[in-house]
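Good morning, and thank you for coming. Please look at the structure on the screen while I take you through a few of its features.

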Amino acid sequence: MEQSNLSAKTSPGECRQCCQFCDKLVEPASCLKMGCRFIYTYREEINGRLYFGCLHKVFKVEIDQEMMQEIERSKLGFGGVKVHEAPLSHCPFSVDSTFRGKGKEFDCDNMQFFDCSSSDRYCYKVVEEGSERTV
Ligand code: SF4
Ligand code: SF4
């Protein structure tokens, strides 16, 4: 019973297991900058605009590329979007806490949330000559 309550409070994009209320965000602009091979693009026939998304659905939304680049030139930039699926080890993600406080109710009970996918279910082992790495 207790276990199911805990899992209900945690998803790839958010953790509510203590009073800090954390959200995990990924930065699509950085995905483009790093040239991630899991990005796909398509041009919308109706308006001719170019959209991009993440094949792994780490972020679920499809984003107007020109609009994002325009916002990126502003002071605040495009920023992060809440993750939909667990990030891979190379994904540019961060964790934001909504509340800060002292006391037991603010103690983190889910440090794995600060990692990429703890199960690594979307990570691939790439075997290169003489070495092995996970992407
Ligand atoms: S796999 Fe990660 S780095 Fe690549 S597009 Fe998706 S979120 Fe961005
Ligand atoms: S501090 Fe830890 S337990 Fe608390 S909400 Fe964030 S990830 Fe979850």
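In what follows, Ala, Val, Leu, Ile, Met, Phe, Trp, Tyr, Cys and Pro count as nonpolar, Asp, Glu, Lys and Arg as charged, and the others, Gly among them, as polar. This is a predicted model, in which local features need pLDDT of at least 70 and side-chain atom pairs count only at pLDDT 80 or more, while totals for chains, interfaces and linings use all residues. Residues are numbered from 1 along each chain as its sequence is written, and chains are lettered from A and ligands numbered from 1 in the order in which they are written.

I begin with the ligands. The shell around ligand 2 comprises six nonpolar, four polar and two charged residues. Among those surrounding this ligand are Cys-15, Cys-18, Cys-22 and Cys-108; a residue counts as near if its C-beta atom, placed from the backbone, lies within 6 Å. Ligand 1 is surrounded by 13 residues, and Cys-31, Cys-36, Cys-54, Val-58 and Cys-91 are the closest. Of the shell around ligand 1, 11 residues are nonpolar, two are polar and none is charged.

Next, the sheet. Strands here are DSSP runs of E, at least two residues long, numbered from the N terminus, and two of them pair if DSSP finds at least two bridges between them. An open antiparallel sheet is formed by three strands in the order 4-5-6. Strand 4 (39–43) and strand 6 (63–64) each have a single partner strand, so one side of each lacks a neighbour in the sheet. Two bridges join strand 5 (residues 50–54) to strand 6 in the antiparallel sense, and Tyr-51 has Asp-64 in strand 6 as its bridge partner.

Notes
Helix = DSSP H or I, 4+ residues; strand = E, 2+ residues; numbered from the N terminus.
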